[in-house]
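I opened this entry to log what I looked up, element by element.

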Amino acid sequence: MAFRSLFPFLLAVAVWVAASGCSSNQAAVQDGTRLDDQPEWVQTLGDYSTNFPGKEGIGAVASAPGSRLGSQVQREDALLAARNELATRIKARVRSVLSSTRQRLLEQGVEEAEELGTVNTQNAVQQRVDENLIGSRVIKQWKDPDSGELYVWVVLDGEGLAQMRSAIQREVMDQRLAKARDQHRQMLKEAFDTEMEQLTQ
């Protein structure tokens, strides 16, 4: 009788021991595909010069986890993240170009170049960047078979960059530095053109 009363308890202990033994033999939960299994463009975070040697362009990679709303939502999330990353990269480089141009012109005595450091100019130029990012395109996608993470690679190629440069130059030369351009036209153009050529570096 005593054994019967202890039976449920002993059974529970036996199940727990068995479960513990099984779990200790299981492989660790995988974090995702090994780095060397990923496509090169994922490993290089979409670096354009690495994947397209000798060609001009800027790329960016971002990812999105699996969504209970389906693969289309996951793709849209990854695409939005990739385009945001691309915008961040380009805007950082454009800010560097504006800063370098401003410094060079100030050293050459073009006082009006101070306008390149104002918030209004920065905002206007970044708006031109946003407008031209519409030309960016998805060139590859990859889903991690272990984690389900979807990676998307977006690029703005040489033609798109040329259009962006032209839009930024018009904004700066025709709008922001119009007054200074009348007096230092060639100096401004050469300084700005030289710096803008470094956009993809």
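My notes below follow the strands, then the helices, of this predicted model.

**Sheet.** I looked up the strand order first. Three strands form an open sheet, ordered β1-β3-β2, with antiparallel pairing. I noted β1 (57-64) and β2 (137-143) as the edge strands, each pairing on one side only. On average, neighbouring strands are turned by 20° against each other, direction ignored. I then checked how β1 is joined to β3: eight bridges link these antiparallel strands. Val61 stands opposite Trp153 in β3.

**Helix α4.** I asked what α4 packs on. It packs on the sheet and touches β1, β2 and β3. Its direction makes about 140° with that of β1. I checked its length next. Residues 71-107 give 37 residues, and the first and last C-alpha are 54 Å apart, close to the 54 Å expected at 1.5 Å a residue. Gly109 follows α4, with a positive phi near 90°.

**Helix α5.** I listed its buried residues: Thr121, Gln122, Ala124, Val125, Val129 and Asn132. Seen down the axis of α5, they fall within an arc of 170°, so they line one face of the helix. They pack against α4, β3 (150-157) and α6 (158-176). On the face turned away from the buried side of α5, I found the exposed residues Val119 and Asn120.

**Helix α6.** α6 lies across β1 and β3, and runs at about 60° to β3.

Note on methods. Residues numbered from 1 in each chain as written. Predicted model: local features only at pLDDT ≥ 70, side-chain atom pairs only at ≥ 80, totals over all residues. Heavy atoms only, no water. Helix = DSSP H or I, 4+ residues; strand = E, 2+ residues; numbered from the N terminus. Expected span 1.5 Å × (residues − 1). Buried < 20%, exposed > 50% of the residue type's maximum accessible area, 1.4 Å probe, protein only. Arc of directions from axis to C-beta. Contact = heavy atoms within 4.5 Å. Pairing = 2+ DSSP bridges. Axes fitted to C-alpha atoms, helices over the stretch in contact; angles between N-to-C directions.
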